[in-house]
Amino acid sequence: MAKYSFEFKQKIVQDYLSGKGGYRYLAEQNNIPDRKIIRNWIYAYRLLGDDGLFRSRKQHQYPFEFKLNVIESY
C-alpha cells in the first residue's frame with residue numbers, strides 16, 4: 001500500500017469538499033488505486049480535522065495487568 005503525505009491527503013480532501021469531483025474521479029486523477037482510500041480520508045477529516053490525515057505511528061504498550069485481565073476474560 002502506498003504512503004501518502006499529509007499535504008497530498010489535504011489537497012484531495014479539499015478538492016472533494018469544494019466539489020471538484022467525487023471519490024472515483026479524484027482517485028483516477030491522482031493515481032490512487034481505490035476510491036475507498038479517499039472515502040476514509042474524508043471520514044477521518046470530518047471526524048478529527050487535520051489530525052485525522054496524519055499517519056498514526058503509535059505502538060500501543062499495554063500494562064501487564066491489562067493483558068492478564070484480557071487473558072482471564074477469554
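**Rings and overall form of the chain**

Biologist: Trp41 first: buried or exposed?

Modeller: Trp41 is buried, as its relative accessible area is 9%; buried means under 20%, exposed over 50% and partly exposed in between, with a 1.4 Å probe and protein chains only.

Biologist: And what kind of model am I looking at?

Modeller: This is a predicted model, in which local features need pLDDT of at least 70 and side-chain atom pairs count only at pLDDT 80 or more, while totals for chains, interfaces and linings use all residues. Residues are numbered from 1 along each chain as its sequence is written, and side-chain values use heavy atoms, with hydrogens and water left out.

Biologist: OK, how many aromatic pairs does the structure hold?

Modeller: There are 6 aromatic pairs, where rings of Phe, Tyr and Trp (its six-membered ring) pair if their centres lie within 6.5 Å, and planes under 30 degrees apart count as stacked, over 60 as edge-to-face and the rest as tilted. One of them joins Phe8 and Trp41, whose ring centres are 6.2 Å apart with planes at 85°, so this pair is edge-to-face.

Biologist: Where in the chain do those two sit?

Modeller: Phe8 belongs to helix α1 (residues 6–17) and Trp41 to helix α3 (residues 35–48), so the pair links distant parts of the chain, 33 residues apart; helices are DSSP runs of H or I with at least four residues, strands are runs of E with at least two, and both are numbered from the N terminus. Phe8 is partly exposed, at a relative accessible area of 22%. Ring pairs also bring in Tyr4, giving a cluster of Tyr4, Phe8 and Trp41.

Biologist: What about Tyr62 and Phe66?

Modeller: Tyr62 and Phe66 form a stacked pair, 5.1 Å centre to centre with 25° between the planes. Tyr62 is partly exposed at 45% relative accessible area, and Phe66 is likewise partly exposed at 42%.

Biologist: Switching topic, what's the secondary structure of the chain?

Modeller: The chain has 4 helices and 0 strands, in the order α-α-α-α from the N terminus on. Its radius of gyration is 17 Å, well over the 11 Å that the globule rule gives for 74 residues, so the chain is more spread out than a compact globule; the radius is taken over C-alpha atoms, and the rule is 2.2 Å times the number of residues to the power 0.38.

Biologist: And what does the C-alpha trace span?

Modeller: Along its principal axes the trace spans about 50 × 20 × 20 Å, and buried residues make up 24% of the 74 residues.
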